[in-house]
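The structure is shown first.

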Amino acid sequence: MVETRESPRVSVNKLGQFLTGTPALRKRIIFMQKHPPEPQYLFYPEATRAITEYLCHGRSDAVLRHHQRCLVEAAAQNPEDAHRLAFNADAIERFRVAADELAHSHAVPSPADASAPPLEVAGVSINVRPEMLLRSMDRNGEMRSGLIKLYFSMHRPLDERAGQYITTVLQEYAEQRLEQQGVVDHRLVRVFDVFAGRVFVAPRARQRRLSDVRLACEEIAARWDVH
């Protein structure tokens, strides 16, 4: 049975699309966020695990190959599941080609806390769920922190505006959630578009974008009951 969410909510990646999308796309995003697909149709959990393990455990190519092999050998339950397995294997291969784009000097990645609560903006819960925490020591011996969020879409790559909106929300989330991990450094707040092989870094100036995010959330909240 398809779930219907009573309270307005949106994922940070979909919010980035919403902020730069056409009216038709915005309407569809609200509908899909209110009536999400069942968990078994979530498309990229295997690729997410593979990429996170690779980055957090020494960047060994053997990690990616192991996960790809498991996907190839997995028995699909139906045609939709076969497509999902193939797309996850393709995502891992795309990541392997572009992995160097995520080189972050001396920053050390680790899995992020998946249980952290969402970011609340204008009556909307924004599910941020970053995959990784980044920590680095600056030249003065001060701990700096940041986050990595993965973005998966074969047919809707992020453009510069959408990428900056997502990283802006990601930085706001980091500043509210990472106070014990060190000062948030915008250069360590990143979104990686896996299929496009492109990294977006949080901009230094973000007040205008945060204002746009608030207006977008007000629109989502106002239109939630319509859909």
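## Salt bridges

The count comes to 15 salt bridges, a salt bridge being a side-chain nitrogen of Lys or Arg within 4 Å of a carboxyl oxygen of Asp or Glu. The model is predicted: local features need pLDDT of at least 70, side-chain atom pairs count only at pLDDT 80 or more, and totals for chains, interfaces and linings use all residues. Residues are numbered from 1 along each chain as its sequence is written, and side-chain values use heavy atoms, with hydrogens and water left out.

Side chains of opposite charge can pair when their charged atoms come close. Arginine 84 belongs to helix H5 (residues 79-98) and glutamate 46 to helix H3 (residues 45-56), so the pair ties together parts 38 residues apart in sequence. Helices (H or I, at least four residues) and strands (E, at least two) are DSSP runs, numbered from the N terminus. Both partners are buried: arginine 84 has a relative accessible area of 10% and glutamate 46 one of 16%. Buried means under 20% relative accessible area, exposed over 50%, and partly exposed in between (1.4 Å probe, protein chains only).

## Other charged pairs

Glutamate 160 and arginine 198 form a salt bridge at 2.7 Å, N to O. This pair links distant parts of the chain, with glutamate 160 in helix H6 and arginine 198 in strand E9 (residues 198-201), 38 residues apart. Glutamate 160 is partly exposed at 37% relative accessibility, and arginine 198 is partly exposed at 35%. Elsewhere, Asp61, Arg65, Glu93 and Arg96 are linked in a network of salt bridges.

Aspartate 185 and arginine 187 also meet in a salt bridge (2.8 Å, N to O). Aspartate 185 is buried at 10% relative accessibility, whereas arginine 187 is exposed at 52%.

## Arginine 190

Arginine 190 is in strand E8 (residues 190-193). A polar atom of its side chain lies 3.0 Å from the backbone oxygen of arginine 187.

## Nonpolar cores

The largest nonpolar core has 35 residues, and those with the most contacts inside it are Leu15, Ile126, Val128, Val169, Val213 and Ile220. Such a core is a set of buried Ala, Val, Leu, Ile, Met, Phe, Trp, Tyr and Cys residues joined through side-chain atoms within 4.5 Å. Elements that each supply at least two residues of this core include helix H1 (12-20), strand E6 (143-151), helix H6 (160-177) and helix H7 (207-223). The largest share, 7 residues, comes from H6.

Leaving aside neighbours within four places in sequence, isoleucine 220 is in contact (heavy atoms within 4.5 Å) with Val10, Leu15, Phe18, Ile30 and Val124. Another core lies apart from this one, with 28 residues, among them Tyr44, Cys56, Leu85 and Ile148.

## Cysteines

The count of disulfides is 0, where a disulfide is a pair of cysteine sulfur atoms within 2.5 Å. Cysteine 56 is in no disulfide, and the nearest cysteine sulfur, that of cysteine 70, is 18 Å away. Cysteine 56 is buried, with a relative accessible area of 17%. Cysteine 217 is buried at 0% relative accessibility.

Key: A polar contact is a pair of N or O atoms within 3.5 Å; within protein, one must be able to donate a hydrogen and the other to accept it, and residues adjacent in sequence count only if both atoms are side-chain atoms.
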